[in-house]
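Morning, everyone. Please bring up the model on your screens, and then we can walk through it together.

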Amino acid sequence: MVDLKGQYNDIKDVVNTSIQEVIETTAFINGPKVHDFQKKLETYLGVKHVIPCANGTDALQIAMMGLGLKPGDEVITADFTFAATVEVIALLQLTPVLVDVNEDDFNINIEAIKKAITPKTKAIVPVHLFGQCANMEAIMDIAKAHNLFVIEDNAQAIGANYTYKNGSKVKAGTIGNVGATSFFPSKNLGCYGDGGAIFTNDDDLAHTIRGIVNHGMYERYHHDVVGVNSRLDSIQAAVLGTKLPRLDAYNTARRTAAKKYNAAFKHIEHITTPKTINGCEGICDTCDCHVFHQYTLKITGIDRDALVKHLNEKEIPCGVYYPIPLHKQKAYIDDRYNEADFTVTNQLVKNVISLPMHTELDDEQIEYITSTIINFINE
């Protein structure tokens, strides 16, 4: 699904040199490489504060801790996503409120958010799924009207732009009160282990979060807030610092691959290609709204699972993201949920399939993947 070895070979010398510098200086925790990456990411995102941490799940949890959410507070998020988003809500003894998503772009449904709000609602966590932003302008309007926090789960959309109705653009993860991302190796900006970061333009919130990530300390052995141990180590920061200047090129390569996939599948019955917010399907030269962390098709009228089996037999990697809705996961089953409220998610889990998507995809690989799928459908 992701050719990390091919990407590494292209930047091998500079990555190795950067890692070696960390080893030689022995500044393994909160060293210069961490601070340098933090500053460069702040500049890239156009955000006042980036607080690196140990992983993307921690980033979400620490963001919620920083906002002072209390046990019993309700937090609305999407039913169709990875479990980490709801996991941290439950860990903090908050009340997860799962809602349905849009059929076309897979992101959280605005009307479902409105319907789910109660006097106990304190926050919304939109997940920018598969590489493009949820409808943040509408979400921020809802949050303002109901005095709610917005925590962006930006683990899959680093580098994507969100375009407001007036034409202005901002980076994904920088719109809400706070954003959280993951640098897991397979992400668009991935390190060589675990890593994450939190973004905010709120000075006071940033100060609180900086204490939380480091055992609640601002001064050594003085614990001012309840904290955790969640720091991005210097070796991972060295890798990320090397990759960050290449992120836009990486995302462009993904869009180019998506364009070729789209062209191959354009007139194929039973296949629906990904839809982007601005309607250009990610194929125009100036498109920057989708960074295609995943390239996800909807398969209808044929057996999706049989297709998965066929691709595996042809040694073509593929994935089903996600096979089970969160509201049906054993850990998160709740009598409050009504199946009628999850019609889209319940259908998507039956017909989505994600194809290989990474910076090293070439024409021969894409031709083999697409022709194999088309031949299966036409048999």
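Is Glu 21 buried, partly exposed or exposed? Glu 21 is partly exposed, because its relative accessible area is 36%. A word of caution before I go on: this is a predicted model.

Let me stay with Glu 21. Its side chain meets that of Lys 33 in a salt bridge, at 2.6 Å from N to O. Glu 21 sits in helix H1, residues 4-25, and Lys 33 in helix H2, residues 32-45, so the pair ties together parts that are twelve residues apart in sequence. Lys 33 counts as partly exposed, because its relative accessibility is 23%. Opposite charges on side chains can pair when the charged atoms come close.

How many salt bridges does the structure hold? There are twelve. I'll show two more.

Next, Lys 115 and Asp 341. They form a salt bridge, and their closest N and O atoms are 2.9 Å apart. Lys 115 is in helix H5, while Asp 341 is in the loop between helix H10 (304-313) and H11, so this pair ties together parts 226 residues apart in sequence. Lys 115 is exposed, at 63% relative accessibility. Asp 341 is partly exposed, at 33%.

Then Glu 339 and Lys 328. This is also a salt bridge, with the closest N and O atoms 3.7 Å apart. Both residues lie in the loop between H10 and H11, eleven residues apart. Glu 339 is partly exposed at 38% relative accessibility. Lys 328 is partly exposed too, at 42%.

Now to the inside. Which residues have the most contacts inside the largest nonpolar core? They are Ile 76, Phe 80, Ile 108, Ile 113 and Ile 139, in a core of 37 residues. Several elements each supply at least two residues of this core: strands E2 (74-78) and E3 (95-99), and helices H5 (110-116), H6 (136-146) and H11 (343-351). H6 gives the largest share, five residues.

Take Ile 139 as an example. Leaving out residues up to four places away in sequence, Ile 139 touches Ile 108, Ile 110, Ile 113, Ile 124, Pro 126, Ala 134 and Val 150. There is also a second, separate core, with 25 residues, including Ile 268, Ile 316, Cys 318 and Leu 355.

Back to strand E3, and to one residue there: Val 97. Is Val 97 buried or exposed? Val 97 is buried, because its relative accessibility is 8%, and buried means under 20%. Glu 74 is 23 residues from Val 97 in sequence, yet their C-alpha atoms are 6.5 Å apart in space. Beyond four places in sequence, Val 97 touches Glu 74, Val 75, Ile 76, Thr 77, Ala 116, Arg 336 and Tyr 337.

First H4, residues 84-91. Its buried residues are Ala 84, Thr 85, Val 86, Val 88 and Ile 89. What do the buried residues of H4 pack against? They pack against helix H3 (56-66) and against strands E2, E3, E4 (121-125) and E5 (149-153). Just after H4 comes Gln 93, with a positive phi of about 60°.

Now H11. Here the buried residues are Val 344, Thr 345, Asn 346, Leu 348, Val 349 and Asn 351. These pack against strand E13 (295-299), H10 and strand E14 (352-355).

How many cavities of 30 Å³ or more does a search of the whole structure find? It finds three.

To recap, keep three things in view. Twelve salt bridges are present. The largest nonpolar core has 37 residues. And the search finds three cavities of 30 Å³ or more.

Notes:
Residues numbered from 1 in each chain as written. Predicted model: local features only at pLDDT ≥ 70, side-chain atom pairs only at ≥ 80, totals over all residues. Heavy atoms only, no water. 1 Å grid on protein atoms, 1.4 Å probe; cavity = no way out; pocket = protein on both sides within 12 Å on 5 of 7 lines; lining within 4 Å. Points joined across faces, edges and corners; volume = space filled by probe spheres on them. Core = buried A, V, L, I, M, F, W, Y, C linked by side-chain atoms within 4.5 Å. Buried < 20%, exposed > 50% of the residue type's maximum accessible area, 1.4 Å probe, protein only. Helix = DSSP H or I, 4+ residues; strand = E, 2+ residues; numbered from the N terminus. Contact = heavy atoms within 4.5 Å. Salt bridge = Lys/Arg side-chain N within 4 Å of Asp/Glu carboxyl O.
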